[in-house]
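Have a look at the chain, then we'll go through a few questions.

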Amino acid sequence: MAFAVDEINRNSQLLPNISLGYSLYDSCGKLGISFRAALSMTSGRGEPFQLNQSCYRNPPVLGIVGDSSSTRTIAVSSMVSLYRVPMVSYFATCSCLSDRSRFPSFFRTIPSDAFQVRAMLQILRRFNWTWFGLLISDDDYGRHAARSFQADLAQSGGGCLAYLEVVPWVKDVAELQRIASIMKKSTSRVVIVFAHQSNMINLMEEVVKQNVTGLQWMASEAWTAAKVLHTPSNMPFLAGTLGIAIRRGEIPGLRDFLLRIRPDNDTRSSQDNNLVRLFWEHIFQCQFYSPGIEVKEKERLCTGNEVLRNIDTEFLDLSNLRPEYNVYKAVYALAHALHDILQCVPGSGPFKGQSCASLQGLEPWQIIYYLQRVNFTTEFGDQVSFDENGDALPIYDVMNWSLFPDGSTEVKHVGEVKELASKIVDLILDEDKIFWNFEYKKPPRSLCSESCPPGTRMARKKGEPVCCFDCIPCSEGKFSNETDSTECTICPKDFWSNLQNDHCVPKRMEFLSYVEPLGISLTTASLFGALLCTIVLGIFTHHRTTPVVRANNSELSFILLLSLKLCFLCSLFFIGQPRLWTCQLRHAAFGISFVLCVSCILVKTMVVLAVFKASKPGGGGGLKWFGAVQQRGTVVFLTLIQAAVCTTWLVSSSPAPHENTEYYSDRIVVECVVGSRVGFGVLLGYIGLLAVLSFLLAFLARNLPDNFNEAKFITFSTLVFCAVWIAFIPAYINSPGKYADAVEVFAILSSSFGLLLALFGPKCYIILLKPEKNTKKALMGRGTPRS
């Protein structure tokens, strides 16, 4: 402060022809002393200061630089604010001091703890630390820092506190043991400390005793540069500490100014001279002669001519000016405010009637007005200005405690953190310079729970912080494609979650496919049935003149074989992805083919009955109604009825493909909807009516005499046919999706095979294996032919 005032007084550009003076007060770290000093400064102002008068009486106090403690500053600023005396602190960081309603005349050149907290959180986010402990000092500094930390943490959601403990001021061994024990048991690997170096000294004794290792310490600006903690016992635990430090600055000329200080400097006040004498005695291990005070043994007398330049003392180490740099900026801020007052042009001033403040009648509140608008740049290149709350532009240095193999330590500058105009905290870190006090020389992991990967969601553990959670896999149909997702999102309508549940994929289209085992089996059976019909047709064609083939109208047998082949082939329309034309053809082809087949069987049954009736006396007249033309006409007529039903159905309400999502959630069933249930019912009912009629007629003719077994075969085949289709109805209704098509195909194939084997199996057996029975006499049972 003395150097800054001296430099300003020698500056012809700043406050020309005006000399600044100052008074220094030592608070001794006591609130009472600070308060009494402030009262003395504000209540002893006396008359307005006149330039043409001497300065023997107490001059007016136009501004206060200080205090260094938040607690003392809160008390002093509350009082001096009543007089509107500007107070610029260089070290009080409590965020509460930004409250303009309580502290209207307070300014500071150090960022508030609110920004320090945001800077800490930014570092935590940089290394993905979400689980940490917080230690605070038992004063306004610690309590307000904790409040800001918890508020910002809750707002950002960037982590959780494993514990929050207050470090006592006095050396309370039991309390310190309890805190160290909590730190040791906690799963958190990061400890943030908003406290003073005196608090840390007491705490570290207990940390060393309990061997609380493996922690990453984060220091607030209050103890980041505390070299008193760099002891051989502490450094194995504190090495690697990351800390927030006050912005370092350089003050040109300060070293030369300090070297000019001598105890015999008559220009200084007696109080200042006494302080210099005490310092001189301490540095040079000597003692000034004073009457009545004996010189201690082994101590020489101080001459005052000792050379300060030759002494290695921390007092002259100006490489790490941090609070001192803030003092320098505070003095210059007040000087620039006074300079701006002197530049005011009468008639365009900021006060009532556009007046300016006069130096002779200057009021402290007028300095506040100009101090709020100060904006200058130091020789070090830092801009100095205050926001609406009196806070300086927030910027901190990031420091790291390095431990070298030889046991030496260094507090290295590894980055900086500042707040941009958009209120975004900008962190610049050179991670390659950071010393990590861990075996793997990398940042530690500090998580209550591991991150939940995509495909899962976080589920909080009951009674624990939000950072402690379980990872629950997303249920089917839901997905999460982000890490640590709190909810799983439902997939869109036509999509479904993949196996990992981390994204949605189009739902699988399900239908009876040619490439799946079921489809291959049914296709093979259908083609085999068609081939079998072709073979039987070939056998009957080759043996068309034999009695077995000619019996009961061979023409109907050929039509029946052709219709059975169509029945086998129509089942192929039920396999493959449904299209509009396949949906329309499948039921039409099925209905017409089976009616053609069953009507042939019906006509054959009627012919059997007619022949048997004609064999009786007087029954020959009925045969004229069952000639070849009438048989063909009956078959065609019955088939045309089914064709008319199918045409009406297709025209009025045609079957069509439909994507059904009701059967399954994870796939889409592509099926053919029948369109008109009435049409489908009439089609099946007509086939069933002809089949039942055929069965009844064949059943009546089952006991015909001799060896004429055609009626028995028809009875058995129609019985199989009816049984299959009766069983088909409940199976079809209860089968979802492609299985309904499979059931229908199975019914078609089963009934077709039943008819083919029951009607043509015995005849093929006789034709191929028992040719001796392929005679008219054998068929009529009138004798056994000779070999």
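Buried means under 20% relative accessible area, exposed over 50%, and partly exposed in between (1.4 Å probe, protein chains only). This is a predicted model, where local features need pLDDT of at least 70, side-chain atom pairs count only at pLDDT 80 or more, and totals for chains, interfaces and linings use all residues. Residues are numbered from 1 along each chain as its sequence is written, and side-chain values use heavy atoms, with hydrogens and water left out.

Q: How many disulfides does the count come to?
A: A disulfide here is a pair of cysteine sulfur atoms within 2.5 Å. By that rule, the count comes to nine.

Q: C160 is joined by a disulfide to which residue?
A: The link is right-handed, with 85° about the S-S bond. At 5% relative accessibility, C160 is buried. S to S is 2.1 Å, and the partner is C467.

Q: Is C471 buried, exposed or partly exposed?
A: C471 pairs with C452, S to S 2.0 Å. C452 has 0% relative accessibility, so C452 counts as buried. C471 comes in at 32%, so C471 is partly exposed.
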